[in-house]
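Here are my notes on the model you sent over.

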Amino acid sequence: MTRPRISARIAAISESATLAVDSKAKAMKAAGRPVIGFGAGEPDFPTPDYIVEAAVEAARNPRFHKYTPAGGLPELKQAIVDKTLRDSGYRADTSQVLITNGGKQAVYEAFATLLDPGDEVIVIAPYWTTYPEAIKLAGGVQVDVVTDETTGYLASLDQLEAARTERTKALLFVSPSNPTGAVYGRAEVEAIGRWAVEHGLWVVTDEIYEHLVYGGAEFTSIATATPELADHVVILNGVAKTYAMTGWRVGWMIGPKDVVKAATNLQSHATSNVANVSQAAALTALTGDLSAVATMREAFDRRRQTIVRMLNEIPGVLCPEPLGAFYVYPSVKQLLGKELRGRRPATTAELAELVLEEAEVAVVPGEAFGTPGYFRLSYALGDDDLVEGVSRIAKLFSEIR
C-alpha cells in the first residue's frame with residue numbers, strides 16, 4: 001500500500017489567503033501590469049530610523065552572535081511588561097512573557113499549549129485567516145459566531161452563549177479586529193470577560209492593533225477590564241503593526257506562568273530564541289515614545305475616511321465605518337450573480353478574481369475570513385494608490401447588469 005507523502009495533519013492546512021493574494025499581485029506587477037494591492041496587512045511606512053540603527057549596533061555586538069534564552073532577552077521581556085502596563089494597564093512580570101517569532105508563532109503556541117484534541121474554541125467571524133489553522137493543528141474544534149455589517153461586526157453575549165457547550169475551553173477575542181476593524185466598547189468588553197469567568201473559559205486575546213483606533217473609539221484590554229480573568233487569559237501582541245516592523249518577526253505572549261513556561265518549552269524545541277538583532281530592534285521600539293505610531297495613525301485615519309466614502313458611493317456596495325486596525329470589510333452581496341464582462345460571479349472569490357484580472361486591483365474575498373459575500377481591503381497603502389484602486393473598482397462595477 002502506498003502511504004501518503006504528506007501527513008493528513010499538514011495536508012489539511014490552507015495557504016494563507018491574504019499572502020496568496022499579495023503574492024499574485026506582486027507577480028503580476030513584476031510582469032509589468034499596474035496592479036494595486038489591497039491585500040496585505042502591513043503598513044506602507046518604513047521602520048523608523050532609530051529602530052533600524054539599534055539593529056545595526058546590535059549586529060556588531062558579539063553577545064548577539066550567540067544563542068540567547070529561548071524565551072527571549074530578559075531586557076526585552078521587561079520592556080514588554082512596562083509597555084503593557086503603560087498602554088493597557090495590565091500588570092505582569094517577566095516570568096509571564098514569551099518572545100515569539102512574530103505574532104503568528106504566539107498564536108500557534110497559545111493554542112498548542114491550551115488545547116487537547118476535541119476542545120472547542122469560540123471564534124467570532126469574520127476572523128483572521130491564521131486562527132483556524134492554529135486551532136486545527138492543536139487538535140481543537142472551531143465554533144464560529146458569525147457577525148455581519150448590521151451590528152458593526154460585533155458579537156453579542158447571547159450569540160456567544162448559544163455557541164458554548166460542555167466542550168468549550170476558550171474564546172478567541174480580537175479588538176480591534178482583522179479583517180473588519182471592529183472595536184468593542186469598554187462595557188461590551190467587561191461583559192464578555194465576566195461571561196468567560198462565569199463559565200470557566202480561557203480567553204485568548206490578540207491585541208496587536210491596540211494603538212490603531214480612530215475617532216471616539218478606545219482600545220480596552222479584556223485582561224484589564226476583567227481582572228478576575230487573570231489566571232485564564234493569554235494576551236498576544238507584537239511590534240509589526242505599531243512600529244511598521246512586519247518583516248522583523250517579533251511577537252509575544254503574556255499569560256499565567258505555567259502556560260508561558262509550557263509554551264517556552266515548546267519554543268525551545270521548535271525554534272529556540274528569536275533572532276537577537278530583531279529583539280534588540282524591538283527593545284528600542286518599545287522603550288521609545290509613540291510618536292511614530294501617532295504619525296502613521298493620522299495617515300491611516302485619513303485613508304480610512306476616504307476609502308469608506310468612496311466604497312459607499314459604489315451602487316451595491318455597503319461599507320461600515322471601521323473604528324480600528326487598517327482594514328475595511330464591505331459587503332458586496334448585492335453584486336453576486338449579476339453579469340459583468342460576460343461573466344456572472346456567484347461567489348466573492350470569483351468576483352475578487354475578476355476584479356484582479358479586469359481592473360488590476362487585488363482584494364481578499366470574504367471566504368478567506370469565514371464569511372462569503374464580502375471583500376477585505378487594507379488601506380495601509382499610499383493615498384494616491386488608494387484612490388486609484390477604488391476608482392478602478394467603481395469603474396468596473398459600473399458595468400454590472
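**Notes on the predicted model**

1. Overall make-up. The protein chain has 14 helices and 12 strands. Its radius of gyration is 21 Å, close to the 21 Å that the globule rule gives for 401 residues, so the chain is as compact as a globular protein of that length. Keep in mind that this is a predicted model.

2. Extent and burial. Along the principal axes, the C-alpha trace spans about 60 × 60 × 55 Å. Of the 401 residues in the chain, 55% are buried. If you take the contacts between residues at least 6 apart in sequence, 73% of them join residues at least 24 apart.

3. Helix α11. This helix covers residues 276–287, which makes 12 residues. From first C-alpha to last it reaches 16 Å, close to the 16 Å expected at 1.5 Å a residue. Which of its residues are buried? They are Asn276, Ser278, Gln279, Ala280, Ala281, Ala282, Ala285 and Leu286. The cover over these buried residues of α11 includes helices α3 (49–60) and α4 (74–88), along with strands β2 (97–100) and β8 (251–254).

4. The α12 and α14 pair. Two packed helices are described by the angle and the distance between their axes. Here the axes of α12 (residues 291–312) and α14 (residues 383–397) come within 10 Å and cross at roughly 10°. With angles under 35 degrees counting as roughly parallel, α12 and α14 are therefore roughly parallel to each other. On the α12 side, the contact is made by Arg302, Arg303, Thr306, Ile307, Met310 and Leu311; α14 brings Asp383, Leu386, Val387, Val390 and Ser391. Sorted by class, this contact has 6 nonpolar, 2 polar and 3 charged residues.

5. Cis peptide bonds. Most peptide bonds are trans, and I'd look at these two spots for that reason. The bond from Ala125 to Pro126 is cis, with omega near 5°, and Pro126 sits in the loop between β3 (120–125) and α6 (130–137). The bond from Asn178 to Pro179 is also cis, with omega near 25°. Pro179 is in the loop between β5 (168–174) and α8 (186–198).

6. Positive phi. Most residues other than glycine have a negative phi. Arg249 has a positive one, near 60°, and lies in the loop between β7 (233–238) and β8. Is Arg249 buried or partly exposed? At 34% relative accessibility, Arg249 counts as partly exposed. Arg341 has a positive phi too, near 50°, in the loop between β9 (327–328) and α13 (348–359). With a relative accessible area of 41%, Arg341 is partly exposed.

How values were computed: Residues are numbered from 1 along each chain as its sequence is written. This is a predicted model: local features need pLDDT of at least 70, side-chain atom pairs count only at pLDDT 80 or more; totals for chains, interfaces and linings use all residues. Side-chain values use heavy atoms; hydrogens and water are left out. Axes are lines fitted to C-alpha atoms, for helices over the stretch in contact, and angles run from 0 to 180 degrees between N-to-C directions. Helices (H or I, at least four residues) and strands (E, at least two) are DSSP runs, numbered from the N terminus. Angles under 35 degrees count as roughly parallel, over 145 as roughly antiparallel, 65 to 115 as roughly perpendicular and the rest as oblique. Contact means heavy atoms within 4.5 Å. Ala, Val, Leu, Ile, Met, Phe, Trp, Tyr, Cys and Pro count as nonpolar, Asp, Glu, Lys and Arg as charged, and the others, Gly among them, as polar. The expected span of a helix is 1.5 Å times one less than its number of residues. Buried means under 20% relative accessible area, exposed over 50%, partly exposed in between (1.4 Å probe, protein chains only). The radius of gyration is taken over C-alpha atoms; the globule rule is 2.2 Å times the number of residues to the power 0.38.
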